Each structure stands twice: as C-alpha cells, then as structure tokens.
Amino acid sequence: MTYLWLMCPRPFALIFVSLATSYAQPTAHEVIERIKAEVGVPWRTQTVDTIKAGDPETPVTGIATTMMATFDVLKRAAAAGHNLVITHEPTFYSHLDGIEVLQKENDAVWADKEKFIREHKMVVFRFHDHWHMRRPDGILQGMTSALGWQKFQNAERPALYTLPEMTVESLAGQIRKKLDIKVLRVVGARDLKVTKIAMVPGASGTLAHRRMLQRDDVEVVIIGEVPEWETIEYVNDAAAQGKRKALILMGHVPSEQAGMDNCATWLKTFIKDVKIGFVPTAEPFWMPR
Ligand SMILES: [Zn+2]
C-alpha cells in the first residue's frame, strides 16, 4: 500500500487500494453464505452449523478445515494465517457448544480458549449437519477414499461395504494402519471371518449402531465412539451367543477426520480468493510404551 501511495500520490489511489483489499478478503459471514449456496441441500433452521466464536464480519485471511477446533488446532491454524476455522465437531465440549455453564463456573480452560480466539481475531464455524446431509455424505466420502474402499461400497446404501474375506483382527489391523490410529479397540471374536461391513462414523448413537447390527448383511460395524455400556456390551453379548457380529471403535477423531480433509478439497472448488488448508486434529489418546 505504501509503495502504491508513493508511486501514485493522489487521494483516489488510497481508496482504490483499500477497496481492492476488502474485495480480496471476504468476511466470515460471506464465506459461510457461499457454503450455504453450494452445499446442495436446503439450509436447516434448526442446526448446530453456526458460528461458535468470533465476529462474523471479520475479514478472512485463510480458511482451515478440521475435525475438532481443539486448542492445538487453533494454535496451528493461527500460525498458518488461517483465521476462519471450519470445524466438524464442537469447540466448547458439548453438542450445542453451550458456554453459559462454563462462564458461570469461570472455567479456566474455556476462558483461555475463548481469549485465544478473540486475541487472534479468529472465527470458529461448525459444519456438521449439512456436510453429512450432502449427497454423497462429505464425511463418508472422505473416509471411504482414505480407506481405499470405493470399489467395495454399496451403491444404494453407501454405509455398507462388501470386502474380500478376512478375520476381524486383520480388518482392524488394516484400518489402524491406513488411518494411522494409535488407540483402536475391537469387540467380538478375533478370528471371525467377515466380508460384510457397515461404517457409522462419529458418535451416531447406539440406536443407529443396533439397527446396523440387526441386519443379516452386516457382520462388523465400524464406529467412532459410544458409551461403553451401550453398543459395546450389546456386541459382547452377541458374540458370547455365537452370533457373527463384531465392533471396531476407531475413536471419534480418526473415524471422521478424512471427511474434513475432503471438505477442504470441496471448498477449493468454489472459493478461490482465500487460501484454504486442512489442519488435522491430533488423536487425543495414547498408550503406555
Ligand atoms: Zn460427523
């Protein structure tokens, strides 16, 4: 700007430059409007896909897609100059991101996170419901290609896959290796030979899991997470009764992560004036050495 001002010292030169700058940087609100226009499904009135922190009128310097807007992700996004973070899952530790209780408790973890977002002029937008509603489901599509399972996917029911026969242990091992998962858990018989798989990423709830497990064309359900006394003990009982059922728990982050990498690829097809990057969320678990 200074350079141009020196080269062209007339009042309109400054006006021209500042207009050009604001054109080059859409606001967070404008970016979200473009997403709504492109997603291909009607935008719901009841949705968790809203801004969770930050001012919608903030000019966007860069967009980071991620699975969860963790403190670590926010730091890495800010360091890369991405001030609009598009997160699949909550920022403030509950589905609705309700901060009233945290505020009342004067919670130190929440306070530091909120302060970081404010000080770095960041905006956090959740993109969950509509990314799943899109056809094909943006998360499932990303996960299927990360696993290399496109050729095994059922055309009518995309959550179902018919794989070459292998043991549950070998299947779980392949998933762990392909997605580089540190802590993956399995329920059911280790040596059960299976071909019929259902993928239910994230925390879809025990009802959704059971509906899959009740099907004759499903032997293994692959999920993100669930309370341990729900689907886990259901499958444990099924296995103890000699039923051909098993469950693989990838953990929530690894079970949907590739779907948000896919989201960055999709955003690049219609947002050309802002840099876009995928910031992977670190798996929270570790095992003792
Ligand atoms: Zn999800």
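## Burial and overall build

Of the 289 residues in the chain, 36% are buried. The model is predicted. Its C-alpha trace spans about 85 × 45 × 40 Å along the principal axes. The secondary structure comes to 12 helices and 10 strands.

Take the contacts between residues at least 6 apart: 69% of them join residues at least 24 apart.

The largest nonpolar core has 67 residues. Val-221, Ile-222 and Ile-248 have the most contacts inside this core. Both domain 1 and domain 2 give residues to the core, so it lies between them. Ile-248 shows what such a position looks like. Leaving out residues up to four places away in sequence, Ile-248 touches Ala-172, Ile-175, Leu-184, Val-186, Val-220 and Ile-222.

E1 pairs with strand E4 (residues 123–126) in the antiparallel sense, over two bridges. Within that pairing, Ala-53 has Val-124 in E4 as its bridge partner. E2 and E3 run parallel and are joined by five bridges. Met-68 stands opposite Glu-89 in E3. E3 is mostly covered: six of its six residues are buried.

## Helices by this sheet

Helix H6 (residues 108–119) has 12 residues. From first C-alpha to last, H6 reaches 16 Å, close to the 16 Å expected at 1.5 Å a residue. Just after H6 comes Lys-121, with a positive phi of about 50°.

## The sheet E5-E7-E8-E9-E6

A further open sheet of five strands has the order E5-E7-E8-E9-E6, again with mixed pairing. Its edge strands are strand E5 (160–167) and strand E6 (185–187). Each of these pairs on one side only. The twist here averages 25° from one strand to the next.

E6 pairs with strand E9 (residues 246–249) in the antiparallel sense, over three bridges. Arg-185 stands opposite Leu-249 in E9. Helix H11 (residues 228–240) lies across E6, strand E8 (220–223) and E9. H11 runs at about 145° to E9.

## Backbone points to check

Most residues other than glycine have a negative phi, and most peptide bonds are trans. The residues below depart from that pattern.

Where is the cis peptide bond that involves Pro-136? This bond joins Arg-135 and Pro-136, with omega about -5°. Pro-136 is in the loop between helix H7 (129–133) and helix H8 (138–147).

Tyr-93 has a positive phi, near 70°, and is not a glycine. Tyr-93 is in the loop between E3 and helix H5 (100–104). Is Tyr-93 buried, partly exposed or exposed? A residue is buried with 20 or more C-beta neighbours within 10 Å and exposed with 12 or fewer. Tyr-93 has 14 C-beta neighbours inside 10 Å, so Tyr-93 counts as partly exposed.

Asn-106 also has a positive phi, about 55°, although it is not a glycine. Its place is the loop between H5 and H6. Asn-106 has 8 C-beta neighbours inside 10 Å, so Asn-106 counts as exposed.

Terms used: Residues numbered from 1 in each chain as written. Predicted model: local features only at pLDDT ≥ 70, side-chain atom pairs only at ≥ 80, totals over all residues. Pairing = 2+ DSSP bridges. Helix = DSSP H or I, 4+ residues; strand = E, 2+ residues; numbered from the N terminus. Expected span 1.5 Å × (residues − 1). Axes fitted to C-alpha atoms, helices over the stretch in contact; angles between N-to-C directions. Contact = placed C-beta atoms within 7 Å. Core = buried A, V, L, I, M, F, W, Y, C linked by C-beta atoms within 7 Å. Domains from an automatic or database assignment.
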